[in-house]
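Dear colleague,

Please find below the structure that I am handing over to you. My notes on what was found in it follow directly after.

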Amino acid sequence: MTEPKTVLAESVYEQLKARIMDQTYPPRARLNIDALAINLGVSPTPIREALARLAAERLVTFEAFKGYRVSPLLTTTQVADLMHARRLIEVDAARLAARRILIPDLITVERLLQQILDESASIKVGSWSHGYRQFNQLDKQFHETIVNASGNPFLLTAYRSLNVHLELGRFYHVFREMDQKQTCVEHENIFQALRAHQPDAAAAAVEQHLHATEERIFRLIEKYSHSQATNGVDL
């Protein structure tokens, strides 16, 4: 049986995370522990625990004597650097995975592929909690499964340290216009290369997918930034 304190801590963490992802608490906003505790109707203890977890995920920052703030959004240069690091890890991981991937991992990848397809067909981004979160999680599992199938635990650790899906997930407001169908086609190409145990084809499919993803993200961020600037809002 789950302890009530554990349930409360998890609930507080999820509520704060959703508000950060939704930009209810905008980038760089100060997060006062006592004010958050009053707002959520809890003691400061689960707030502190939640903020510590969010800091580990780099969604908030902490400075001594200044407290917590919501982390700023990545700049376009940082997004480019993140995607570059992602390609360095995932392309080689796919090449390795295609040589050794086992049937259980292939079944997992195929199942996730179908779930992503189902989710993308119905996704209507209204909020992080009721829209993009599930798609984001499935996509994360899809890519992590492939990196894990490479058999190199250091690649998996490096990939997880990038925190890719949460970092990019904070831009989910612009992803409502993302071509999810094309993303699914690219995922299918990766899966087929893995199933055929074709290392070069798997690496090329991942390279093409990540390059296309980066281009889609930049187009949408540019469009969103222009819209926000027109309306006098800082992205």
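**Salt bridges and burial**

Arg 87 and Glu 214 are both buried, where buried means under 20% relative accessible area, exposed over 50% and partly exposed in between (1.4 Å probe, protein chains only). These two residues form a salt bridge in which the closest N and O atoms are 2.7 Å apart; the term stands for a side-chain nitrogen of Lys or Arg within 4 Å of a carboxyl oxygen of Asp or Glu. Arg 87 belongs to helix H4 (residues 76-100) and Glu 214 to helix H11 (residues 199-230), so the bridge ties together parts that are 127 residues apart in sequence. Helices (H or I, at least four residues) and strands (E, at least two) are DSSP runs, numbered from the N terminus.

Before I continue, please note that this is a predicted model, in which local features need pLDDT of at least 70, side-chain atom pairs count only at pLDDT 80 or more, and totals for chains, interfaces and linings use all residues. Residues are numbered from 1 along each chain as its sequence is written, and side-chain values use heavy atoms, with hydrogens and water left out.

The structure holds eleven salt bridges. One of them joins Lys 17 to Glu 57, with the closest N and O atoms 3.7 Å apart. This pair links distant parts of the chain, 40 residues apart: Lys 17 is in helix H1, and Glu 57 is in the loop between helix H3 (44-56) and strand E2 (60-63). Lys 17 counts as buried, at 12% relative accessibility.

Asp 92 is partly exposed at 34% relative accessibility, and Arg 95 is partly exposed at 26%. Asp 92, Arg 95 and Asp 200 are linked in a network of salt bridges.

**The largest pocket**

The largest pocket has a volume of about 330 Å³. On a 1 Å grid over the protein atoms alone, a pocket is an open set of points where a 1.4 Å probe fits, with protein on both sides within 12 Å along at least five of seven lines; lining residues have an atom within 4 Å of a point. The volume is the space filled by probe spheres set on the points, which are joined across faces, edges and corners.

Of the 16 lining residues, the closest to the centre are Lys 17, Asn 136, Gln 137, Lys 140 and Leu 166. Helix H1 (4-21), helix H6 (128-148), helix H7 (153-162) and helix H8 (164-169) each supply at least two residues of this lining, and H6 gives the most, with seven.

**Aromatic contacts**

A search of the whole structure finds one aromatic pair. The ring centres of Phe 62 and Tyr 68 are 4.8 Å apart and their planes are at 50 degrees, so the pair is tilted. Rings of Phe, Tyr and Trp (its six-membered ring) pair if their centres lie within 6.5 Å; planes under 30 degrees apart count as stacked, over 60 as edge-to-face and the rest as tilted. Tyr 68 is buried, with a relative accessible area of 13%.

Yours sincerely
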